[in-house]
Amino acid sequence: MSVPPSSFKIIAVDGGAAVGKSSTSKALAERLGLMHVDTGAHYRTLTAALLKEAIEPEQPNLQARLASMVLETELKGRSARLSVNGEVPAESAIRSPEVNAAVSKFAAISAVRKALFKYQRGQADVARQNDFAGLVMEGRDIGSIIFPDADYRFFLVADEATRSARRAKEGQIDSIADRDKLDKARKNAPLICPEGATKVDTGPRSLKEVTELVLELIESH
C-alpha cells in the first residue's frame with residue numbers, strides 16, 4: 001500500500017560541489033525515515049555508462065544512445081541508485097578521474113538532462129510505492145527544475161577553501177572553481193539558489209550542526 005499524497009513530503013537540497021549535500025541529505029533521510037536520492041550520482045552513473053561505450057559529449061549519436069538506455073531504480077536500504085541497462089556501477093567507478101573530468105560536460109548537454117528529468121521526477125513515485133513517507137533529493141537543480149514545488153527547499157553553501165579541503169579529503173583532485181564555473185554557466189538548468197529556498201552555510205558547522213539546523217527549519221516551517 002503506497003503512502004497517501006497528502007502526507008508525502010519532498011525535501012530538495014541543492015548546492016555546488018563539496019558543500020555537504022550528500023552527508024546532510026543522508027542524515028536527514030535517516031532521521032526522518034525518508035528515501036534518499038543523489039542526482040549527482042545519476043549524472044556520474046550515466047557518464048560512466050557512456051564512457052564505457054566510448055561515447056564522448058560531442059558525438060552525434062549521443063541522443064540516440066540515450067533514448068535506447070533503460071533507466072531503473074535499485075534500492076539499497078533507504079538509498080535509491082540509478083541502474084542503466086540493468087547495471088548499477090560501483091561507487092569507485094562513478095568517482096574515477098575519467099568520470100570526474102567528463103561529468104560536468106555531459107551534465108551541460110540538454111539531451112542528457114532531458115533523459116534524466118522524467119526519471120528523477122519519478123523517484124517520488126518510487127518512494128511512495130516502497131512505503132516511504134517522502135524523499136530527500138540532492139543535486140544542483142532540484143529546487144529549481146526537478147521539484148520546484150518541493151515542500152522544503154534548501155541551498156547549501158560554503159567557502160571555497162573549506163570545499164577544496166573536503167574534496168581533497170575525498171581523494172578528488174578536480175578544481176572547485178572550475179566545477180562551479182561549468183555548473184553556473186551551462187544553459188540548461190544552471191546552478192542557482194532557487195527563489196524562496198533557504199540558504200544554509202555549512203562551512204563553519206559540523207554535519208551534526210547542519211543537520212540539526214535544517215531539522216529545526218523544517219519543524220518551524
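## Exercises on a predicted model

In the hairpin formed by β3 and β4, where two residues lie between the strands, Gly77 takes a positive phi near 70°. Helices (H or I, at least four residues) and strands (E, at least two) are DSSP runs, numbered from the N terminus. The model is predicted, so local features need pLDDT of at least 70 and side-chain atom pairs count only at pLDDT 80 or more, while totals for chains, interfaces and linings use all residues. Residues are numbered from 1 along each chain as its sequence is written, and side-chain values use heavy atoms, with hydrogens and water left out.

**Exercise 1. Determine the strand order of the open sheet, and then describe how β4 is joined to β3 and to β2.**

Step 1. Strands of a sheet pair through backbone hydrogen bonds, either parallel or antiparallel. Two strands pair here if DSSP finds at least two bridges between them.

Step 2. The open sheet has seven strands in the order β3-β4-β2-β5-β1-β6-β7, and its pairing is mixed. Its edge strands are β3 (71-76) and β7 (198-201), each of which pairs on one side only.

Step 3. Strands β3 and β4 run antiparallel and are joined by six bridges. Leu71 has Val84 as its bridge partner in β4, and Glu72 stands opposite Ser83 in β4.

Step 4. Strand β2 (residues 35-38) runs parallel to strand β4 (residues 79-84), and two bridges join them. In β4, Ser79 is the bridge partner of His36, and Ala80 is the bridge partner of Val37.

**Exercise 2. Find which residues bring helix α2 and helix α5 into contact, and name the relation between the two helices.**

Step 1. Axes are lines fitted to C-alpha atoms, for helices over the stretch in contact, and angles run from 0 to 180 degrees between N-to-C directions. Helix α2 (residues 39-52) and helix α5 (residues 97-107) pack at an angle of about 105°, with their axes 9 Å apart.

Step 2. Angles under 35 degrees count as roughly parallel, over 145 as roughly antiparallel, 65 to 115 as roughly perpendicular and the rest as oblique. The angle therefore makes α2 roughly perpendicular to α5.

Step 3. Contact means heavy atoms within 4.5 Å. On α2 the contact is made by Tyr43, Arg44, Thr47, Ala48, Leu50 and Leu51, and on α5 by Glu98, Val99, Asn100, Ala102, Val103, Phe106 and Ala107.

Step 4. Ala, Val, Leu, Ile, Met, Phe, Trp, Tyr, Cys and Pro count as nonpolar, Asp, Glu, Lys and Arg as charged, and the others, Gly among them, as polar. By class, the contact of α2 with α5 has nine nonpolar, two polar and two charged residues.

**Exercise 3. Repeat the analysis for helix α9 and helix α10.**

Step 1. The axes of α9 (residues 160-169) and α10 (residues 176-185) come within 10 Å and cross at roughly 105°. These two helices are therefore roughly perpendicular to each other.

Step 2. Glu160, Arg163, Ser164 and Arg167 of α9 make the contact with Ile176, Ala177, Arg179 and Asp180 of α10. By class, this contact has two nonpolar, one polar and five charged residues.
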